[in-house]
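Reader: Could we go through this structure together? I would like to begin with the charged side chains and then turn to the backbone.

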Amino acid sequence: MSTNKNAILRYQTLDKCFRNPGKRYFINDLIEECNEALFDYDPSNSGIQKRQIYDDILFMKDSKGYNAPIEEIKEGRSVYRRYSDLNFSINNQPINESEATQLKEALMTLNRFKGMPQFEWVNDLSTRLESSFGLLTSDEPVIGFENNPYVSGLEYISVLYRAIIYKTPLKIISKSFTKNTEEEYELHPYYLKQYNNRWFVFGYNVSEGIVFKKALDRIESIKELKTEFINSGINFEEYFEDAIGVTVKDNQKPQKVKIRVSKDLWPYVQTKPIHESQSSGNKENLKTLEKGYLDITLQVVLNYELESKILERGEGFEVLEPLELRNKIAKRIGVLTKKYS
């Protein structure tokens with residue numbers, strides 16, 4: 001469970017305690033109530049200590065928090081806390097400064113979708129949120145996202161997303177890059193994935209009897225069907241775990257790929273790994289940088305996207321193994337060399 005979620009649960013629990021006129025909550029009582037709430041939500045939670053409760057109380061009292069009217073009342077050597085105004089609740093307050101900052105950041109993320117056909121509602125929602133909560137954002141863009149709103153097929157994202165959520169079979173009409181004729185098939189959609197600014201849908205093609213992918217920019221039309229939905233047992237996060245991009249053939253196993261990286265290119269590859277399986281070995285391997293290179297290994301399936309990643313690095317990469325991949329790269333470089341000879 002995230003730290004933010006922990007904090008919200010604690011604030012809500014303390015709020016309930018401070019509004020209760022029938023019980024006096026000393027510090028140990030507050031700790032017990034908060035730990036019980038956290039444990040109910042997440043049994044693996046290790047709980048909190050006294051210092052955290054004191055920090056939470058200070059935040060709730062602060063103007064950047066909730067301006068909560070928490071008063072301390074002595075009873076003997078102990079102190080209990082409650083709201084001086086029992087009608088007060090943090091849930092009745094306008095959003096605080098921290099929440100406003102988080103909402104502004106969320107708006108910035110939403111604004112990246114402006115102009116895309118399935119996100120027309122973003123403009124209206126952003127305006128209403130900015131007006132309702134006084135969230136003034138800059139008219140000038142201050143952050144850029146890699147996004148191309150002019151790519152074909154984006155209008156189908158929301159349709160496919162709903163079909164996946166509600167398990168709705170679809171009739172798809174599409175065109176391929178190599179054929180001008182239209183293809184029509186029944187698709188039971190399972191997963192949407194973006195790669196290199198293109199969107200792909202993965203699903204079961206009834207006519208071919210396989211799970212396959214289709215680029216959204218190839219789709220001509222989509223129509224919902226009334227047939228029974230065929231479920232998939234595929235975990236698509238695991239399905240793509242060993243792949244770069246979106247191409248994975250049935251029963252394809254990952255292989256060890258060894259690449260020699262030039263010294264000049266290494267800092268970029270180190271800070272932005274090609275794949276999560278990337279490894280540069282032990283410290284001894286780093287000594288090869290003095291010779292002008294460093295060898296890295298990947299554990300991935302061999303596909304077109306991997307080849308493209310290697311080729312885009314130019315002379316900074318050399319595939320050492322497997323031989324199959326090395327030969328493919330050499331062949332493609334050979335074709336390219338002839339074009340420029």
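Reader: Before that, what kind of model is it, and how are residues numbered?

Author: This is a predicted model, in which local features need pLDDT of at least 70, side-chain atom pairs count only at pLDDT 80 or more, and totals for chains, interfaces and linings use all residues. Residues are numbered from 1 along each chain as its sequence is written, and side-chain values use heavy atoms, with hydrogens and water left out.

Reader: How many salt bridges does a search of the whole structure find?

Author: The search finds 14 salt bridges. A salt bridge here is a side-chain nitrogen of Lys or Arg within 4 Å of a carboxyl oxygen of Asp or Glu.

Reader: Which residue does Asp-56 meet in a salt bridge?

Author: The side chain of Asp-56 pairs with that of Arg-10, at 2.5 Å from N to O. This pair links distant parts of the chain, since Asp-56 is in helix 3 (residues 50-61) and Arg-10 is in helix 1, 46 residues apart. Helices (H or I, at least four residues) and strands (E, at least two) are DSSP runs, numbered from the N terminus.

Reader: Are those two buried or exposed?

Author: Arg-10 counts as buried because its relative accessibility is 8%. Asp-56 is also buried, with a relative accessible area of 2%. Buried means under 20% relative accessible area, exposed means over 50%, and partly exposed lies in between (1.4 Å probe, protein chains only). The areas come from the Shrake-Rupley method.

Reader: What else is Arg-10 in contact with?

Author: Leaving aside neighbours within four places in sequence, Arg-10 is in contact with Cys-34, Leu-38, Ile-48 and Gln-52, as well as Asp-56. Contact means heavy atoms within 4.5 Å.

Reader: And Lys-5, where is that found?

Author: Lys-5 is found in helix 1, and it counts as partly exposed because its relative accessibility is 32%. Lys-5 and Leu-38 are 33 residues apart in sequence and 9.5 Å apart in space, C-alpha to C-alpha.

Reader: Back to salt bridges. Which residues are linked in a network?

Author: Arg-198, Asp-217 and Arg-218 are linked in a network of salt bridges. Within it, the side chains of Arg-218 and Asp-217 meet at 3.7 Å, N to O. Arg-218 is partly exposed at 21% relative accessible area, whereas Asp-217 is buried at 17%.

Reader: What about Glu-307 and Lys-328?

Author: Their side chains meet in a salt bridge at 3.9 Å, N to O. Glu-307 lies in helix 10 (residues 304-312) and Lys-328 in helix 11 (residues 323-339), so the pair ties together parts that are 21 residues apart in sequence. Glu-307 is buried, with 9% relative accessible area, while Lys-328 is partly exposed, with 39%.

Reader: Which residues in helix 10 are buried, and what covers them?

Author: Glu-305, Leu-306, Glu-307 and Ile-310 are buried in helix 10. The elements that cover the buried residues of helix 10 include strand 5 (182-195), strand 9, strand 10 (293-300), strand 11 and helix 11. Just after helix 10, Gly-314 takes a positive phi of about 60°.

Reader: Changing topic: which residues form the negative surface patch?

Author: Glu-237, Glu-238, Glu-241 and Glu-276 form it. Patches are made of residues with over 30% relative accessible area and no salt bridge; like charges are joined within 9 Å, and nonpolar side chains (Val, Leu, Ile, Met, Phe, Trp, Tyr) within 5 Å. Lys and Arg count as positive and Asp and Glu as negative, while His and the chain ends are not counted. The place of a charge is taken as NZ of Lys, CZ of Arg, CG of Asp or CD of Glu.

Reader: Where does Glu-241 lie?

Author: Glu-241 lies in the loop between helix 7 (236-239) and strand 9 (255-262). Glu-241 counts as partly exposed because its relative accessibility is 41%.

Reader: Now the backbone. What is phi for Asn-251, and where does Asn-251 lie?

Author: Asn-251 has a positive phi of about 60° although it is not a glycine. Asn-251 lies in the loop between helix 7 and strand 9 and is exposed, with a relative accessible area of 74%.

Reader: And which residues does a cis peptide bond join?

Author: A cis peptide bond joins Glu-321 and Pro-322, with omega about 5°. Pro-322 is placed in the loop between strand 11 (317-321) and helix 11.

How values were computed
Accessible areas come from the Shrake-Rupley method with a 1.4 Å probe; for residues, only the protein chains shown count as cover.
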